[in-house]
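Please take the sequence and the coordinates together, and read the paragraphs that follow as a guided walk from the chains down to single residues.

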Amino acid sequence: MTKPYFFIQWDATSRCNLNCLHCYHTPEERQTRRLMSSEEARFMLKDLSDTTQRWDFRGGIHFSGGEPLLRKDIFDLIDYSRDLGLEMRMLSNGTLITPNIARRLKDLGFEIVQVSIDGTKEIHNYLRNRSDAYDLATNGIRHLREVGIQPTVATTLSKTNFPEIEKIIQDAYTNGAVRIGFSQLVPEGTGKDLEMLSAEELYQAFFLLNQLRTKYHGKIEVLRSESLWCLFEDNQDYANRAIAEKSLGGGCGIGMFGISVLSDGIVYPCRRLPIAIGNIREGIQRIFIENEFLNRFRDLNNYECRDCKKVALCRGCRAVAYAVTGDPFAKDPQCFLHLMREK
Amino acid sequence: METLLSENLSLLERKVNLTPKEKEVFAKILPIRQYLIGEKPAYQPLYSTDCNTCRQCPGCGCMCNND
């Protein structure tokens with residue numbers, strides 16, 4: 001049986017070479033948020049390795065940002081993570097991935113790198129606020145593929161790119177991506193000015209993506225990675241068991257499988273849920289295990305959607321709920337279960 | 001709630017590598033509890049199966065159970 005996976009998504013830096021319209025950072029935050037020192041970062045990585053080994057879990061570090069490749073000691077920290085036996089992922093905007101960088105990532109053990117693409121060329125460049133962002137990112141994807149790294153495209157769904165879903169998938173495949181995932185826009189940071197989809201539109205989008213998964217099978221994998229995807233699954237027996245045992249069965253990963261650490265060490269339950277629950281200097285044990293606020297996410301009774309038959313497997317996106325209502329336990333306003341019942 | 005948590009907790013009592021507080025937390029997470037007691041997961045959510053190959057969805061809640 002494969003071990004459970006526990007990860008830290010770490011903003012290696014909050015600096016970025018882009019200024020995207022939907023970023024969860026504000027421009028001020030990108031400039032002013034402190035950077036953990038190399039020593040602090042190494043302490044975090046060692047703690048992650050030690051803790052997950054003691055738990056008998058797999059440990060993972062997801063280098064994110066900002067743009068993680070802008071951090072000067074990033075390759076030293078990657079090297080250190082590899083030596084610690086951590087699984088590594090990178091979430092990049094792709095624009096700095098030259099053939100040399102791709103080769104270096106491959107040599108250091110990366111198998112998968114995520115590159116964000118938010119539309120066809122025109123839309124992507126508009127959302128990324130830079131006229132050559134698309135060409136640079138797609139070149140980055142090709143460079144990754146050339147050295148044997150599997151590029152995953154990540155797309156944030158909003159009203160701006162909603163009509164382009166199939167074209168985005170086609171282009172990702174043409175550019176060399178092996179899989180693509182679509183996530184809900186969280187209206188926070190600079191992203192608060194973009195329009196998120198309504199529940200009806202998100203249902204349409206997921207319904208279409210479900211069909212496109214089949215259409216593009218064997219070419220590019222269309223992922224179903226948001227919690228609300230569980231509404232498309234035949235999973236009620238398992239959901240009933242989890243509910244009966246007062247347990248989380250899956251869905252929103254807050255309090256289950258990982259935490260998010262900002263560039264200055266502040267910890268969020270999830271990168272998209274901007275509620276500080278401590279500083280990583282306190283250690284994973286103290287934050288993930290002992291934090292009482294995080295523990296509230298492990299009790300189904302705390303959720304507004306607690307009476308839903310899918311609650312143990314879903315709970316929607318807590319970050320979207322918080323961004324829209326101010327309450328992280330409110331119902332996800334994009335939940336479309338009621339629309340499926342009407343069909 | 002307390003009775004069920006106690007039942008779930010009792011399954012983990014022999015896990016000497018975990019502190020009491022860790023057992024309390026992991027007892028509330030069914031897929032982890034199943035792993036810790038050696039119970040084969042009865043159900044793999046489809047989206048988790050996807051993430052078994054991806055593992056790029058921070059906070060998505062996937063178990064990433066397959067290498």
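What percentage of the 67 residues of chain B count as buried? Of these residues, 45% count as buried, where a residue is buried if 20 or more other C-beta atoms lie within 10 Å of its own, exposed if 12 or fewer do, and partly exposed in between, with C-beta atoms placed from the backbone. The model is a predicted one, in which local features need pLDDT of at least 70 and side-chain atom pairs count only at pLDDT 80 or more, while totals for chains, interfaces and linings use all residues. Residues are numbered from 1 along each chain as its sequence is written, and chains are lettered from A and ligands numbered from 1 in the order in which they are written.

The secondary structure of chain B consists of four helices and zero strands, and along the sequence this gives the pattern α-α-α-α; here helices (H or I, at least four residues) and strands (E, at least two) are DSSP runs, numbered from the N terminus. Two residues are taken to be in contact if their C-beta atoms, placed from the backbone, lie within 7 Å. Among the contacts of chain B with a separation of 6 or more, 13% join residues 24 or more positions apart.

Chain A, for its part, has 13 helices and 10 strands, and 52% of its 343 residues are buried. In chain A, residues 24 or more positions apart account for 72% of the contacts with a separation of 6 or more. Its C-alpha atoms fill a box of roughly 50 × 45 × 45 Å along the principal axes. The radius of gyration, taken over C-alpha atoms, can be set against a globule rule of 2.2 Å times the number of residues to the power 0.38; for 343 residues a compact globule would have a value near 20 Å, and the 19 Å of chain A agrees with this.

The strands of chain A can be followed through their pairing, where two strands pair if DSSP finds at least two bridges between them. An open sheet of 10 strands runs in the order β7-β6-β5-β4-β3-β2-β1-β8-β9-β10 (chain A), with mixed pairing. Its edge strands are β7 (221-222) and β10 (278-279) of chain A, each of which pairs on one side only.

Within this sheet, β5(A) is largely enclosed by the rest of the structure, because seven of its eight residues are buried. β5(A) pairs with β4(A) in the parallel sense over five bridges, and A:V113 has A:P151 in β5(A) as its bridge partner. β5(A) also pairs in the parallel sense with β6 (residues 179-184) of chain A, over six bridges, and A:A154 stands opposite A:G181 in β6(A). Together with α7(A), the strands β5(A) and β6(A) make a right-handed β-α-β unit, right-handed meaning that, with the strands pointing away from the viewer, the path from the first strand over the helix to the second runs clockwise.

Elsewhere in the sheet, β1 (residues 5-11) and β8 (residues 258-261) of chain A pair in the parallel sense over four bridges, with A:V261 of β8(A) as the bridge partner of A:W10. From β8(A), A:G258 and A:S260 point one way and A:I259 and A:V261 the other, and all are buried. β8(A) pairs with β9 (residues 266-268) of chain A in the antiparallel sense over two bridges, and A:V261 has A:V267 in β9(A) as its bridge partner. The hairpin of β8(A) and β9(A) has four residues between the strands, and in it A:G265 takes a positive phi near 100°.

Two helices of chain A complete the picture. Helix α6 (residues 133-146) has 14 residues and reaches 20 Å from its first C-alpha to its last, close to the 20 Å expected, the expected span being 1.5 Å times one less than the number of residues. Its buried residues, including A:A137, A:I141 and A:L144, pack against α4 (99-107), β4 (112-116), α5 (121-128), β5 (150-157) and α7 (165-175) of chain A. Just after α6(A), A:G148 takes a positive phi of about 95°.

The buried residues of α8(A) are A:L202, A:Y203, A:A205, A:F206 and A:L209. They lie on the same side of α8(A), because they cover an arc of only 160° around the axis, an arc being that of the directions from the helix axis to the C-beta atoms. The face of α8(A) turned away from this buried side carries the exposed residues A:E200, A:Q211, A:T214 and A:K215.
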